Amino acid sequence: MRLITQPAAAPVELTGVSKRYEKVTALDSLDLTIEAGKVTSVLGPNGAGKTTAIKLMLGILRPDAGSVQLFGLPPTSRSARTRTGAMMQISALPATLTVIELIDLFRTYYAQPLERSELVEIAGLQDLERRLYGKLSGGQKQRLAFALSICGNPDLLFMDEPTVGLDVETRRSFWQSIRSLAQRGKSIVLTTHYLEEADALSDRIVVLHHGAIRADGTPHQIKSEASSRRIRCVTLVRPDEVLALEGVRSARFDRAVLEILCSDAESVVRTLLDRDPGLRDLEIGGAGIEDAFMSLTSDDTVNQNNSTRQQEVA
Amino acid sequence: MIAATDDLQSTRFSLGQTAAIYLAETRCELLKVLRMPSYSIPTLAFPAMFYLLFGVVMGKATVGAGSDLATYLLATYGAFGVIGAALFNFGVSVAIERGQGWMLLKKASPMPVGAYFAAKMIVSLIFSLIVILLLQTLGLTLGGVTEGLSVLASMTVILVLGAIPFCAMGLLIGYAAGPNSAPAIVNIIYLPMAFASGLWIPINALPDLMGRIARFLPAYHLGQLGLKPLGADIGDPVWQHVVYLTLFTVVCLTGAVLAYRLDEDKTYG
């Protein structure tokens with residue numbers, strides 16, 4: 001006889017979650033399920049709602065509408081909090097406590113904390129144990145924040161912009177730590193505004209823009225969606241006609257030159273030449289991946305408005 | 001379902017673990033404060049300095065019913081010191097830590113939120129005790145205070161417990177005010193309130209109108225309670241002071257809870 005077991009609840013489940021700050025809508029009816037054992041990056045420009053999403057998942061903020069569940073439990077429940085670790089963006093800790101005092105304090109919050117020596121080693125804080133928090137460098141503070149976030153050996157780890165302001169070397173060593181946690185089967189949710197970072201670390205990227213999901217998929221899918229070619233030419237074809245073509249992300253005048261960002265440059269050029277045999281000064285180039293990502297999270301409406309205005313001028 | 005129940009039980013804190021968390025919080029809070037001379041020195045030194053100047057040096061004149069000034073001011077500067085420890089430790093430090101996101105990190109952890117506040121209160125009480133013992137030592141050695149141990153001991157107990165309403169007041173200020181304005185607000189309230197409550201100059205040496213205003217101030221009631229063991233208070237019954245201070249505590253805590261709720265919806269911790 002087999003026991004009937006319920007499927008384990010997802011580490012994070014957001015259903016129709018909205019959050020407003022006075023006049024600004026930070027999140028607009030967001031649905032998001034984070035799968036166990038994966039690294040998920042929430043990517044987006046500043047003000048996209050990333051930190052708000054993390055705070056809602058941690059139960060620090062209450063949603064105005066919708067529900068947030070961690071492991072099928074309210075995020076404020078002690079059960080959920082015991083299985084969760086958090087590394088927040090701006091957390092200055094008391095300057096007059098030492099590294100080891102802070103680690104030991106956080107270890108008391110958990111019934112089965114990781115060993116002190118193990119935490120020191122994972123976070124690379126050897127020889128810094130007796131140093132006061134106020135005397136640590138930025139990178140060392142960030143490493144301590146990381147140690148505190150994994151004190152309870154969490155199944156789910158939230159990291160809000162974990163590598164912002166770090167030098168390249170420290171950033172790489174952080175990536176290494178995140179990867180090794182992922183290998184141990186932890187679910188990790190991290191926010192970042194670097195596509196490169198999301199690409200290097202994650203199984204899945206969720207692109208957030210204006211509090212809604214703009215794209216969601218593997219790094220490969222996101223990159224191919226975001227990757228663009230740039231076409232520049234002088235032509236009589238109007239930007240609104242070009243925008244109607246398949247795969248065109250934006251089209252606008254740069255002085256007299258029409259600049260087009262699109263996924264399939266060849267087919268767009270073919271159409272342009274058909275419609276305007278007098279087309280000249282044609283250039284085709286690749287757009288940088290970060291530029292392309294910007295096009296994914298920029299406002300199409302702004303581009304369209306620009307192009308219409310530019311067209312009138314032209 | 002069974003798994004879920006098991007899970008809940010395994011993460012419920014045992015009594016021993018809860019005690020360990022409260023102890024660790026208190027220890028860290030105490031270490032943190034002791035290593036900040038900018039907090040600990042004014043808290044301890046200002047009441048002692050004032051007491052030395054006004055109580056010991058200028059303490060020849062006699063006021064109150066059979067108490068000389070050095071003895072009288074032991075109670076009122078004791079109250080002054082206790083209130084300072086509570087307002088600065090609670091009001092200012094809660095406000096500052098809220099702005100820094102330290103509280104945010106703790107909120108996201110399984111720490112019972114009461115441990116954070118309890119630790120701050122216990123540290124305030126410890127500082128209160130140190131202030132009072134310091135003043136009493138000065139009084140006995142330099143000020144010619146002759147009161148017996150039992151009188152001084154009951155004054156100590158009354159004043160240390162009297163820190164509680166002001167911890168509540170500090171909590172309210174800490175949550176109602178932003179991280180930058182809390183120290184200024186505490187100073188604006190603390191010093192005038194101490195003066196108007198007769199903690200610096202005996203209340204019956206102040207104009208009659210001020211004596212009447214003083215009855216609305218919590219610091220006045222603590223001062224009067226501190227003077228009771230000396231028999232140097234104005235003579236209002238004990239219950240009036242206790243009722244006032246209890247109501248004051250309840251009002252401050254209610255306000256603090258409301259401010260805490262509002263705060264949860266703001267962007268900073």
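Predicted model: local features only at pLDDT ≥ 70, side-chain atom pairs only at ≥ 80, totals over all residues.
**Exercise 1. In which loop of chain A is A:His210 found?**

Residues are numbered from 1 along each chain as its sequence is written, chains are lettered from A in the order in which they are written, and side-chain values use heavy atoms, with hydrogens and water left out.

*Solution.* 
Step 1. Look between strand 8 (204-209) and strand 9 (212-217) of chain A: the loop there holds A:His210. Strands (E, at least two residues) and helices (H or I, at least four) are DSSP runs, numbered from the N terminus.
Step 2. Check the backbone: A:His210 is not a glycine, yet its phi is positive, at about 50°.
Step 3. Now try A:Asp127, in the loop between helix 4 (116-122) and helix 5 (138-149) of chain A. Its phi is near 70°, again a positive value in a residue other than glycine.

**Exercise 2. Work out which residues of helix 10 of chain A are buried, and how they are arranged.**

*Solution.* 
Step 1. Apply the cut-offs: buried is under 20% relative accessible area, exposed over 50%, and partly exposed in between (1.4 Å probe, protein chains only).
Step 2. Within helix 10 (residues 265-275), the buried residues of chain A are A:Ala265, A:Val268, A:Val269 and A:Leu272.
Step 3. Seen down the helix axis, these fall within an arc of 100°, so they line one face of helix 10 of chain A. The arc is taken over the directions from the axis to the C-beta atoms.
Step 4. Turn to the other side of the helix, where A:Arg270 and A:Asp274 are exposed.
Step 5. Find the cover: strand 11 (248-254), strand 12 (257-262) and helix 9 (239-243) of chain A are among the elements over the buried residues, with contact meaning heavy atoms within 4.5 Å.

**Exercise 3. Describe the interface between chain A and chain B.**

*Solution.* 
Step 1. Take the area: the two chains bury about 3,200 Å² between them, 61% of it on carbon and sulfur atoms. This is the accessible area (1.4 Å probe) lost on being put together, summed over both parts.
Step 2. Find the one salt bridge between the chains: B:Arg35 pairs with A:Glu101, with the closest N and O atoms 2.8 Å apart. The criterion is a side-chain nitrogen of Lys or Arg within 4 Å of a carboxyl oxygen of Asp or Glu.
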